[in-house]
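Here's a quick briefing for anyone opening this structure for the first time. Take a look at it, then read on.

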Amino acid sequence: MHVTVLGLGRMGAAMAARLADRDHTVTTWTRSGRTLPGLASAPTAAEAVAGADLVLLCLYDAAACRSVLDSLSGALPHDAVVVNTATVGPDEAADLAAALGPAYLHAPVMGSTPAVAAGDLTLLAGVPSLAGPAAGVLADLGDVVPCGSPARAAAAKLVANGVLAGALLTLRDSRTRARELGLDAALTWHVLERTSVGGLVRAKRQRLDAGDLAGADFTAGALAKDVRLLAGHAPSAAGLLAETERVPLAPEDDIAGLAAPRHGLTLAPGATAPPEVLEPLLAYVAGHATGEASYHRAAFLPTAHVEGLRDGAFVSWTLDEFCALFTGKPADDEAERWRRIEHLSTSGSTGTAVLTLQHGADTFTDVFVLLRVDGAWRIANKAYHRRSG
């Protein structure tokens, strides 16, 4: 088959390479101008689809799909099939199908780049059954699950990615609890590999042990986009979305970052932490864990002061002065550091919190005054005590 792949991100590039290895003739195009060694490319999408039996869309979202399809007006061969693997909302999938007609097949995929290379993707096809030229091409990528309609296929993909996000957060919480119970990392992994999230542990453990989130198989930004789509169509996913967005990750980080423990933040026995009040404390801890001052700016009110004794002398820092202490990089011993909420209480729009921070040889007691301003909790001021040795 002559297959044109439009979009050469991680998944598009992997699918183009896989199909070429399966002896299909592959032509590629991407807006960035990227090319793949050994594969033909074209300067425009319209030129890339000339002579194609099947056009594979590997794009980020519905807006990108509409833009590229609009550019193909009058250029598609009359018998070509357009297979769209993008994750979009059910209504967006239905609209794209209506615009293109019978030539359009919505088929979002489950799996990341290693699954593409192995031919182990799951393709959620938006038809009652799959036949014709698309069947053979998709079979070279993995297993096809007929979903009945484009909207149902899109909905099924959102459900699947919601499961993935939830499983990563479950793994994160399990690792946090293991820390609270004093389990070492080796035993924790050994146990978790034998639970229902074992496959995910085996897939992501090496990244998590190394703290390596670069060169993502599936980016945190893409998964967050999918969970937002899910929450927009399924109100019960609002909590999942909130939890996903609380995790401080760069959009290009691997999704494994969602399974990292909460920067060592735990709750002392008997302490309680309502999620909305916890928000500024999580941001504060993220600032320490990552070395990124932007988290502290999100945690504190702009007028906040940080006060305590430093080398025996009283200091009173403004927020700008406090943020200037952070380098943008985590400490070398971050993996061994931990933070614990000892106390948290609120009364009306005010609150107090006490945290213990174990940072290398130093133990800090941080005391916070919290205020709810414009509906959100922030840290108004902080005082600290430092113990060394």
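Across the interface of domain 1 and domain 2, the rule finds one salt bridge, meaning a side-chain nitrogen of Lys or Arg within 4 Å of a carboxyl oxygen of Asp or Glu. Keep in mind that this is a predicted model: local features need pLDDT of at least 70, side-chain atom pairs count only at pLDDT 80 or more, and totals for chains, interfaces and linings use all residues. Residues are numbered from 1 along each chain as its sequence is written, and side-chain values use heavy atoms, with hydrogens and water left out.

**Domains and their interface**
- The protein's domain assignment gives domain 1 (2–147), domain 2 (155–259) and domain 3 (265–388), with bounds that come from an automatic or database assignment.
- Taken over C-alpha atoms, the centres of domain 1 and domain 2 are 27 Å apart.
- In contact terms (heavy atoms within 4.5 Å), 16 residues of domain 1 touch 16 residues of domain 2.
- About 1200 Å² is buried between domain 1 and domain 2, 60% of it on carbon and sulfur atoms; buried area is the accessible area (1.4 Å probe) that two parts lose on being put together, summed over both.
- On the domain 1 side, Arg10, Tyr60 and Thr87 lose the most area to domain 2, together 44% of what that side buries.

**Salt bridges**
- The structure holds 18 salt bridges.
- One of them joins the side chains of Glu252 and Arg10 (3.0 Å, N to O).

**The second largest pocket**
- A pocket here is an open set of points on a 1 Å grid over the protein atoms alone, where a 1.4 Å probe fits, with protein on both sides within 12 Å along at least five of seven lines; lining residues have an atom within 4 Å of a point.
- The second largest pocket is lined by 41 residues, and Met11, Gly111, Asp217, Phe218 and Ala222 lie nearest its centre.
- Both domain 1 and domain 2 give residues to this lining, so the second largest pocket lies between them.
- Helix 7 gives the most to the lining, with five residues; helices are DSSP runs (H or I, at least four residues), numbered from the N terminus.

Methods: Helix = DSSP H or I, 4+ residues; strand = E, 2+ residues; numbered from the N terminus.
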